[in-house]
Structure formats: structure tokens, C-alpha cells
Amino acid sequence: MDIKQNNTTYSPKGSIPDILYHYTTANALLGMLKEDENNKMCINLWETRYDFMNDRSEYMLGLRLVKEFVARLQITFPDMSGEMYNSFFFPYIISFSESQDCLPMWNMYGSNGKGISLGFSKDIGLNNTINQCVYCENELTENIAREFEEILSNDRLNDIEKVYFTFSKICSKIKNSSFQHEKEWRFIDFDTFGPIDGILKSFPNFMKFRERNGLIVPYKIIKFPTKHLKEIWIGPTANMDLSESSIRSFLDYNNLKNVNILRSQSPYFID
């Protein structure tokens, strides 16, 4: 059963909400709708490599807590000294939220309230690869600790690739507790192109690069049918009428007439 609080729907822990929201800008929406190789319109979302996200320290927090947890177990464990582990798996992440109208996220990710929040159905196809973020401070939560105990109890330690993969996945969903208001879910994808048995794997041919704030940022694109876009929330901008009219025109032009447009109720306005 979902719980409504402050105009936001929260799902029970571990249960994927019916709709997940992605905060972005109106300009980004213009670039998301593209035809695929079969000339069918689809939605393109960018997966950003973890070390180029807004807060790279999130992943490092997870890595530190994992190392401390392993140290307390006092067992022989594969090397996690840094170089090999960090070069082995590079998670690519798309962030979603349970909250469709969250004031801090409008400020942080929604162009200071002028952006939009895109609502996608949970059957978008990410069910097996989407993870609910876990908010920690100084130690792993009980649920995360149990994940590690399961790994260790299944005698997987000789499979270093599987161990590193699992560790990287868990580190990728750990966030500082200061961000609990984001109610975040992450699509986590991986590339392996680090040194494995002395062999350097080549970069995958689907990797792309873009410029942001003077940096060349690695990213990938995930595509899915437009039918999964269910809602668009307009940020707390001063001109709601004009924003809604322009978004509706854009959707109608691209044959997305069934997408609902809703307005933020957050008490914050941009001149």
C-alpha cells in the first residue's frame, strides 16, 4: 500500500512504485524523443558514469563502509586496495525518485524550479536492474549487511569478478543520509574494461562522451518505448499556463496525447 505525504507518494521499502520520476530540464526533454533504427519514436535517457555524477563521494562512501564491514569480519578477502577494484567496474547510473514534486530536487536537478519531472511507469523494463537507494552515515544498514553475509555464505570468494560486481552494485546504491528526502531509485548498469588477468578490455562501442563544465563525461544511452512516459510535472515556475501549453503542443506533435501534465504545488516561484 502506498503512503501519501506532503503531495508525494512513498512506497514501502523494497517495493517499486507504480511511477518513478526523473527530474530534468525542458531542453533535455527535447533531446530525449528520437527515432530508433526502425524509425519508431522512443525515449532516450542518459546513463552517467558514477565518477562524473553530481556527487562522486556517494560511491566512495559506499566503498569505505563496505571495506570497514569486511575488515570487521576478519576473513581473507579479495584485494580491495583501490587500483584494480576501481578500474574493474564502472557503474553507469540513471536517477529516479518516488517524489514527483519535491522542492529540494526542483532546486538541485530541475533548473531551480524551471524544469520538469518526468513520470515513467514501473514496467519500463528496468525491474531487474533498478535499485532502491540506501541512506547510510557511519555504517551499513542491516539490509545491506545481510546482502554481504549472503555473498560470503555462498562460497563465492574465489570468483573475484562476481565479488567485485556485487560490491560495486551495492556501493552504487549507498547515499549519505542527508539526501533521504530524494527517495531515490537507481538504474545501475556496468561496463568491465579494467585489467583482468593482465588483459585490458576494450571500451564498449556504445559508450558516448559529452562536455559538461569543462569535463569530457562518459555516458551511455538507454532507449525504451514512449508508452512508458505517463506524466510530466511542471516545476514551480511563475508562468504555469504558458509552460503547460508549450509542453502539450510538443507532446501532441509527437503523438503523445495520453501523457498527463500536472503542476507543482510547491510554494516556490521563479520570476
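This is a predicted model: local features need pLDDT of at least 70, side-chain atom pairs count only at pLDDT 80 or more; totals for chains, interfaces and linings use all residues.
View 1. Asp18 is found in the loop between β2 (8-10) and β3. Although Asp18 and Lys122 are 104 residues apart in sequence, their C-alpha atoms are 5.1 Å apart in space.

**View 2. The largest pocket and its lining.** The largest pocket holds about 1,100 Å³ of space, and among the 39 residues that line this pocket, His22, Tyr23, Thr24, Thr48 and Arg210 are the closest to its centre. Several elements each supply at least two residues of the lining, including β3 (19-24), α1 (26-32), β5 (41-49) and β14 (208-212), while β6 gives the most, with 5 residues. Sorted by kind, the lining residues of the largest pocket comprise 16 nonpolar, 14 polar and 9 charged.

**View 3. Helix α7 and its buried face.** Helix α7 covers residues 240-253, and its 14 residues should span 20 Å at 1.5 Å a residue, which agrees with the 20 Å between its end C-alpha atoms. Within α7, Met240, Ile247, Phe250 and Leu251 are buried; seen down the helix axis, the buried residues fall within an arc of 105 degrees, so they line one face of α7. An α-helix has 3.6 residues a turn, so residues three or four places apart point the same way. On the other side of α7, Asp241, Leu242 and Tyr253 are exposed.

**View 4. The surroundings of α7.** The buried residues of α7 pack against α1, β4 (33-35), β7 (116-121), β16 (229-234) and β17 (260-263). Just after α7, Asn255 takes a positive phi of about 60 degrees.

Note on methods: Residues are numbered from 1 along each chain as its sequence is written. Side-chain values use heavy atoms; hydrogens and water are left out. On a 1 Å grid over the protein atoms alone, a cavity is a set of points where a 1.4 Å probe fits but cannot get out, and a pocket is an open set with protein on both sides within 12 Å along at least five of seven lines; lining residues have an atom within 4 Å of a point. Grid points are joined across faces, edges and corners, and a volume is the space filled by probe spheres set on the points. Helices (H or I, at least four residues) and strands (E, at least two) are DSSP runs, numbered from the N terminus. Ala, Val, Leu, Ile, Met, Phe, Trp, Tyr, Cys and Pro count as nonpolar, Asp, Glu, Lys and Arg as charged, and the others, Gly among them, as polar. The expected span of a helix is 1.5 Å times one less than its number of residues. Buried means under 20% relative accessible area, exposed over 50%, partly exposed in between (1.4 Å probe, protein chains only). The arc is that of the directions from the helix axis to the C-beta atoms. Contact means heavy atoms within 4.5 Å.
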